[in-house]
Amino acid sequence: MEELSYEKCLDHLERAAYLVLDDLQAAHPDVFRVERHSDAVGVCGPSPSWVWTGLHPEDSRAQEVDWATDWAAETVQEMLVELYSADSAAATWPACPEHAGAHPLTAAGGRWCCPSSGRAVSVIGRLRDVD
Ligand SMILES: [Zn+2]
């Protein structure tokens, strides 16, 4: 695969972060936000428990939109665990519609999938369309 430019990788990461935050919005109205810097796309958690995680274009996952999306999704999930460890429902986002309370969905190939059945539940960014 041809190496993408640094700017193109930043574009992928920014787009990926916004897709994940679209999905997060319904579950966590606390303001998570995306910041684009010259050397990273940052995902910022809500204050006062301020957390910031940078997605860097040097990482090979920035080369491809689905990889970037999976990476952004995993990053946000890690941030939720860090922020809401006392609240297991909040920390295990997004809930698996088939196995509520058992596990969160995992990101794979730009989709939210059940880690148990492997079934794809939604494209990342379109979780609101799932009932
Ligand atoms: Zn499941």
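**Note on the predicted model**

1. Overall size. A compact globule of 131 residues would have a radius of gyration near 14 Å, and the protein has 14 Å, which agrees. The radius is taken over C-alpha atoms, and the globule rule is 2.2 Å times the number of residues to the power 0.38. Along the principal axes, the C-alpha atoms fill a box of roughly 40 × 35 × 20 Å.

2. Basis. This is a predicted model: local features need pLDDT of at least 70, side-chain atom pairs count only at pLDDT 80 or more, and totals for chains, interfaces and linings use all residues. Residues are numbered from 1 along each chain as its sequence is written.

3. Elements. The protein has 3 helices and 6 strands. From the N terminus the order is α-β-β-β-α-α-β-β-β. Helices (H or I, at least four residues) and strands (E, at least two) are DSSP runs, numbered from the N terminus.

4. Of the 131 residues, 29% are buried. Buried means 20 or more other C-beta atoms within 10 Å of the residue's own, with C-beta atoms placed from the backbone. Among contacts with a separation of 6 or more, 45% come from residues 24 or more positions apart. A contact requires C-beta atoms, placed from the backbone, within 7 Å.

5. Core. The largest nonpolar core has 26 residues. Such a core is a set of buried Ala, Val, Leu, Ile, Met, Phe, Trp, Tyr and Cys residues joined through C-beta atoms within 7 Å. L13, A16, A17, V20, A72 and V76 have the most contacts inside this core. Two or more residues come from each of α1 (6–27), β2 (41–44) and α2 (65–83). Helix α1 gives the most, with 8 residues. Leaving out residues up to four places away in sequence, V76 touches V20, L24 and V43.

6. Sheet. Three strands form an open, antiparallel sheet in the order β4-β5-β6. Its edge strands, β4 (106–108) and β6 (120–123), each pair on one side only. Pairing requires at least two DSSP bridges between two strands. Neighbouring strands here are turned by 35° against each other on average, direction ignored. The angles use lines fitted to C-alpha atoms and run from 0 to 180 degrees between N-to-C directions. Strand β5 (residues 111–113) is joined to β6 by 3 bridges. R111 stands opposite V123 in β6.

7. Cis peptide. Most peptide bonds are trans. The bond joining W93 and P94 is cis, with omega about -10°. P94 lies in the loop between α3 (88–91) and β4.

Technical notes: A residue is buried if 20 or more other C-beta atoms lie within 10 Å of its own, exposed if 12 or fewer, and partly exposed in between; C-beta atoms are placed from the backbone. Two residues are in contact if their C-beta atoms, placed from the backbone, lie within 7 Å.
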